[in-house]
Amino acid sequence: QFAKPTDAVKYREAAFKLMANHFGRINAMAQGKVPFDAKAAQANAEVLNMLAKLPWDAFPAGSNVGNTEAKPEVWSQPDKFKSGAQLLIDNVAKLDAAAKAGNLDQIKAAAGEVGKSCKACHETFKKD
Ligand code: ASC
């Protein structure tokens, strides 16, 4: 999938960047910073639901290189990394379901859980 380790770094950073953008748009609604737009929430959640599956195959062995923000713990604690990724994927799927239902209260709750999943992994696996 990746010709060289730095290609994996670029790929995962691109995926995370897109996730932050699409999650940010939903979060702004969940936090009342922009008016709730059910269609926009649904569209962003659908994209996020696909994106959430992407970064994890882009941490192959040997890709702790260059200016990566990943900590060595990604490779030394693979089970914890995998379970954190899966929790994010599951929470994003719930957010997608809430957005499909057009239920703002459900979206708020699910977005909160997604944010917690992001943060929990960053604490162990991402350099500040
Ligand atoms: C975001 C974003 C993150 C997470 C994190 C949650 O919107 O870009 O990295 O949420 O801040 O605590």
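Gln77 lies in the loop between α3 and α4, where helices (H or I, at least four residues) and strands (E, at least two) are DSSP runs, numbered from the N terminus. With a relative accessible area of 31%, Gln77 is partly exposed; buried means under 20% relative accessible area, exposed over 50%, and partly exposed in between (1.4 Å probe, protein chains only). This is a predicted model, in which local features need pLDDT of at least 70 and side-chain atom pairs count only at pLDDT 80 or more, while totals for chains, interfaces and linings use all residues. Residues are numbered from 1 along each chain as its sequence is written, and side-chain values use heavy atoms, with hydrogens and water left out.

**Loop residues**

- Leaving aside neighbours within four places in sequence, Gln77 is in contact (heavy atoms within 4.5 Å) with Thr124 and Phe125.
- Gln77 and Glu123 are 46 residues apart in sequence, and their C-alpha atoms are 13 Å apart in space.
- Thr68 lies in the loop between α2 and α3 (73-76), and Thr68 is buried, with a relative accessible area of 5%.
- Not counting residues up to four places away in sequence, Thr68 touches Val9, Arg12, Glu13 and Lys127.
- Glu69 also lies in the loop between α2 and α3, but Glu69 is partly exposed, at a relative accessible area of 39%.
- Glu69 touches Glu13, Phe125, Lys126 and Lys127, again not counting residues up to four places away in sequence.
- Glu69 and Val9 are 60 residues apart along the chain, with their C-alpha atoms separated by 9.0 Å.

**Helices α1 and α2**

- The axes of α1 (residues 5-30) and α2 (residues 38-51) come within 9 Å and cross at roughly 150°; axes are lines fitted to C-alpha atoms, for helices over the stretch in contact, and angles run from 0 to 180 degrees between N-to-C directions.
- This crossing of α1 and α2 is left-handed, a term used if the near helix is turned anticlockwise from the far one by less than a right angle, with right-handed used if clockwise.
- On the α1 side, Leu18, Met19, His22, Phe23, Arg25, Ile26 and Met29 meet Ala40, Ala41, Asn44, Ala45, Val47, Leu48 and Leu51 of α2.
- The residues of this contact divide into 11 nonpolar, 2 polar and 1 charged; Ala, Val, Leu, Ile, Met, Phe, Trp, Tyr, Cys and Pro count as nonpolar, Asp, Glu, Lys and Arg as charged, and the others, Gly among them, as polar.
- Ala8 lies in helix α1 and is buried, with a relative accessible area of 0%.
- Ala8 touches Phe2, Ala58, Pro60 and Ser63, not counting residues up to four places away in sequence.
- Between Ala8 and Asp57, 49 residues apart in sequence, the C-alpha to C-alpha distance is 8.6 Å.

**Nonpolar core**

- A nonpolar core is a set of buried Ala, Val, Leu, Ile, Met, Phe, Trp, Tyr and Cys residues joined through side-chain atoms within 4.5 Å.
- The largest nonpolar core has 28 residues, of which Leu48, Trp56, Leu88, Leu95 and Ile107 touch the most other members.
- Two or more residues of this core come from each of α1, α2, α4 (78-101) and α5 (104-125), and α4 gives the largest share, 8 residues.
- Apart from neighbours within four places in sequence, Leu95 is in contact with Phe23, Ile26, Ala45, Leu48, Ile107, Ala110, Ala111 and Val114.

**Helix α4**

- The 24 residues of α4 should span 34 Å at 1.5 Å a residue, and the end C-alpha atoms are 35 Å apart, which agrees; the expected span is 1.5 Å times one less than the number of residues.
- Buried residues of α4 include Phe81, Gly84, Leu88, Asn91, Leu95 and Asp96.
- The cover over the buried residues of α4 includes α1, α2, α3 and α5.
- Ala97 lies in α4 and counts as partly exposed, at 42% relative accessibility.
- Ala97 and Asn49 are 48 residues apart along the chain, and their C-alpha atoms are separated by 9.7 Å.
- Just after α4, Gly102 takes a positive phi of about 70°.
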